[in-house]
Amino acid sequence: MAVTGYEVTASKYRPKTFDELAGQEFVVSTIKNSLTSGHIAHAYLFSGPRGCGKTSAARILARSLNCEKGAEAGPCSGDGEICDNCRAISQGASMDVIEIDGASNNKVDEARQIIDEVLFPPQSGRYKVYIIDEVHMLTNQAFNALLKTIEEPPHYIVFIFATTELHKVPATIKSRCQQFNFRLIPIETIQETLKKICADKGIEAEDDALFWIARESTGSMRDAFTLFDQIASFSAGNIRSDLIREKLGITGLEKLNALADACAVNDTPAAFALTDEILSGGIALEQFVIDLTGFYRSLLLLKNGVTRESILGYRPALFSAKALETYDSIRLEQALDILLECYRNTRYSISPRFELETAISKLAWLSKWVSPFELKEAVDNARIALTTGNFSGGGSTAQASSYKNNSTPAPKNEAPTARVNANASNFGEERSLADAFNERIAANKNSSSSNETTTDDADVPMWNSINQDAKNPPQVENVLSKIPGTVIN
Ligand SMILES: Nc1ncnc2c1ncn2[C@@H]1O[C@H](COP(=O)(O)OP(=O)(O)O)[C@@H](O)[C@H]1O
Ligand SMILES: [Mg+2]
Ligand SMILES: [Zn+2]
């Protein structure tokens with residue numbers, strides 16, 4: 001491909017009108033309204049993450065203010081005739097629009113220079129506009145020197161401040177500005193913008209590939225354009241997901257699904273073999289951990305009803321059905337814990353690969369892993385079984401393990417029992433066993449009145465026999481003594 005006169009996408013496609021500014025509808029409509037109603041502020045403060053259009057919007061506003069067609073009509077667009085003022089501002093040649101980088105002109109002297117210059121009216125436009133980028137970098141003295149001027153500048157002066165770190169801008173400055181918060185640009189909007197650019201440049205592109213670029217750029221259009229340029233440069237006019245994965249060393253979803261499948265059936269050898277295949281295929285270990293973590297995160301979200309592709313990274317149907325059916329939220333949370341820790345550990349490890357293999361090994365028996373929560377519940381249930389003599393239904397283990405393959409933690413009708421369990425577990429507390437028993441009986445009554453099957457009707461006569469002796473209030477020993485075969489020393 002010829003590269004003569006090549007201009008990077010970010011500058012070539014810098015929005016020239018408010019309508020081209022993607023994903024900032026609220027900011028755009030408010031500024032447009034103030035322009036049409038003639039309510040021009042002395043100072044604007046644009047804040048928001050990098051690459052989401054602050055500088056672009058500041059330049060569009062400056063052009064609108066000085067456009068020969070009038071501020072209401074908005075600046076000249078690239079399509080029609082461009083007025084002299086708009087052209088000069090676009091080329092950075094206008095004497096009336098002064099762009100200052102706050103990071104390198106942050107001293108009080110520079111602020112004083114602005115204060116002196118402000119006294120000279122604009123040359124060809126209606127306004128003299130100061131755009132101060134990264135304004136949070138100004139020193140306190142510089143801010144203080146500017147305060148008075150910002151508050152009561154000559155009528156032809158407009159300040160537009162932009163910052164990525166709003167919290168570093170002093171309140172005294174903020175309160176004198178009309179503030180606009182720019183937002184991260186939604187993935188779908190970035191994808192659409194990239195699509196238009198492809199059409200404009202005559203580049204073919206898979207939807208999935210553009211979606212991937214949009215997702216990677218995490219809300220920054222500039223990042224999206226930079227990544228797009230990088231990918232376009234090796235794609236020879238045809239942007240495809242498989243080529244991106246190959247060239248950028250990213251683990252594909254098929255590989256991640258295969259690995260999760262192997263882990264779901266506790267096939268550790270297969271999981272190790274796949275890991276080795278992925279790493280020897282040229283994917284960096286760190287990238288692999290990131291991709292795998294993202295994958296398990298998506299499974300966790302899917303399991304909990306999240307289906308938006310922009311959050312999951314891929315369409316829900318593309319994720320391994322086997323893994324989704326094997327794991328519940330508890331196991332998926334644990335997978336994330338294992339992988340996040342693996343990522344942290346790789347930095348300090350004698351061998352990042354050892355860390356990864358340990359994590360993979362843990363993932364391969366994840367389906368058998370039991371959380372402390374479940375363990376506690378099993379112990380509580382065992383305790384209840386011991387104190388009530390009710391060993392029916394295989395007891396606690398069956399109940400705890402029944403939670404495993406269920407995305408909702410506890411079935412509705414078991415809630416009262418669980419509460420009794422929690423009480424019964426507090427042996428150290430002065431919680432009376434009678435209360436626990438009464439609650440349990442009440443729970444049983446509830447469940448039988450709602451036509452649920454009840455397994456421990458035996459509780460009532462047994463409790464009565466324990467409770468007969470009023471002088472001898474029920475204590476753990478008393479209860480245990482009524483259970484056949486229990487020896488109390
Ligand atoms: N909202 C947006 N709509 C379209 N393009 C954008 C948008 N935000 C940023 N860009 C692209 O990213 C580049 C950098 O944007 P810029 O306005 O300088 O971002 P910021 O000042 O917020 O860091 C622009 O040249 C433009 O190509
Ligand atoms: Mg900027
Ligand atoms: Zn114009």
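Colleague: So why does ligand 1 lie between domain 1 and domain 2?

Modeller: Keep in mind that this is a predicted model. Domain 1 (9-181) and domain 2 (187-248) both give residues to the shell around ligand 1, so the ligand sits between them.

Colleague: Which residues come nearest to ligand 1?

Modeller: There are 22 residues around ligand 1, and the nearest are Arg-14, Gly-53, Thr-55, Ser-56 and Met-221.

Colleague: And which helices supply at least two residues of that shell?

Modeller: Helix 1 (9-12), helix 3 (54-66) and helix 10 (221-235) each do.

Colleague: How many of the shell residues are nonpolar, polar or charged?

Modeller: The shell has 10 nonpolar residues, eight polar ones and four charged ones.

Colleague: OK, new topic: strand 3. Is strand 3 mostly covered or uncovered?

Modeller: Mostly covered: six of its six residues, 128-133, are buried. On one side you have Lys-128, Tyr-130 and Ile-132, and on the other Val-129, Ile-131 and Asp-133.

Colleague: Which strands pair with strand 3?

Modeller: Strand 2 (residues 97-101) pairs with strand 3 in the parallel sense over five bridges, with Ile-98 opposite Tyr-130. Strand 4 (residues 157-163) also pairs with strand 3 in the parallel sense, over five bridges, and there Lys-128 stands opposite Ile-157.

Colleague: How does the chain cross from strand 3 to strand 4?

Modeller: The chain goes through helix 6 (residues 140-151), in a right-handed β-α-β crossover. Strand 2, helix 5 (residues 108-117) and strand 3 make a right-handed β-α-β unit too.

Terms used. Residues numbered from 1 in each chain as written. Chains lettered and ligands numbered in written order. Predicted model: local features only at pLDDT ≥ 70, side-chain atom pairs only at ≥ 80, totals over all residues. Near = placed C-beta within 6 Å. Helix = DSSP H or I, 4+ residues; strand = E, 2+ residues; numbered from the N terminus. Nonpolar A, V, L, I, M, F, W, Y, C, P; charged D, E, K, R; others polar. Domains from an automatic or database assignment. Buried ≥ 20, exposed ≤ 12 C-beta atoms within 10 Å, placed from the backbone. Pairing = 2+ DSSP bridges. Right-handed = clockwise from strand over helix to strand, strands pointing away.
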